[in-house]
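I am opening a notebook on a structure that is new to me.

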Amino acid sequence: RGALMEHWGFCLFYNWPLPIRRRMRRRAEVRAKLKPRYRHAGVYAAAAAACMAFVDLSYIRQGVALPSNREIWWLLAALPLLNGAVVTLGCGGAPVWKRIVTAVVGGIAAVTACTILVAAVWASEGGIPAGMLAVTWMWRTFIFAVVSAIGAIITELRLGELRTE
């Protein structure tokens, strides 16, 4: 009687992390045999930048300046999560911390490339307020860095068992 909360806490902080730690140890052993890969992060960053630039330029073509982060929250949530997941899946034998750093750097590169592309297109159409562009870049960089890392961590935690062959 009355031990339900204690049981829940024990399961959450002891029973649940044990199999995760065991899986991650096995995964590290399998990955130690693989060669680390990082080049794919640039391809995924370019794809994410193209998606973001498409949305930004479609807003600009409608006569709106850059869309606010509130207007495209769905894109700022889904795109970095997906970026973090696919980057960490493609890193081969890289350790977990390098997978997360690669996902974060890829997210920052995507936002920077998108900002440069939008500035170049918008400059040819009459100019761009540099302050608004800088503030948008800073917020999106922060969002992409944090959410890409979260996507990489979630992917690492949700991966199933790896076969040791």
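Predicted model: local features only at pLDDT ≥ 70, side-chain atom pairs only at ≥ 80, totals over all residues.

Is T102 buried or exposed? Its relative accessibility is 12%, so T102 counts as buried, the limit for that being under 20%. I then asked which residues T102 touches, leaving aside its neighbours within four places in sequence. They are Y38, A41, V87 and C91.

Next I turned to helix 3. Just after helix 3 I noted G63, which takes a positive phi of about 95°.

I listed the buried residues of helix 3: H40, A41, A45, A48, A49, M52, A53, V55, D56, L57 and I60. What covers them? The cover includes helix 4, helix 5 and helix 6.

Then I looked at the largest nonpolar core, which has 23 residues. Within this core, M52, V118 and F144 touch the most other members. At least two of its residues come from each of helix 3 (40-61), helix 4 (73-89), helix 5 (96-123) and helix 6 (130-158). Helix 3 gives the most, with 8 residues. Apart from this core I found another, of 10 residues, with C91, V104, A145 and A152 among them. As background, nonpolar side chains in soluble globular proteins tend to be buried together.

I took V118 for a separate entry. Leaving aside neighbours within four places in sequence, V118 is in contact with A53, D56, L57, I60 and L66. Of these, I had already listed A53, D56, L57 and I60 as buried residues of helix 3.

Which residues make the nonpolar surface patch of about 820 Å²? They are L81, V135, W137, M138, W139, F142, V146, I150 and I154. Helix 6 gives the most to this patch, with 8 residues. The relative accessible area of I150 is 39%, so I150 is partly exposed, the class between the limits of 20% and 50%.

Notes
Residues numbered from 1 in each chain as written. Heavy atoms only, no water. Core = buried A, V, L, I, M, F, W, Y, C linked by side-chain atoms within 4.5 Å. Buried < 20%, exposed > 50% of the residue type's maximum accessible area, 1.4 Å probe, protein only. Helix = DSSP H or I, 4+ residues; strand = E, 2+ residues; numbered from the N terminus. Contact = heavy atoms within 4.5 Å. Patch = residues over 30% accessible without salt bridge, like charges linked within 9 Å, V, L, I, M, F, W, Y side chains within 5 Å. Areas by Shrake-Rupley, 256 points an atom, 1.4 Å probe, with all protein chains shown as cover. Salt bridge = Lys/Arg side-chain N within 4 Å of Asp/Glu carboxyl O.
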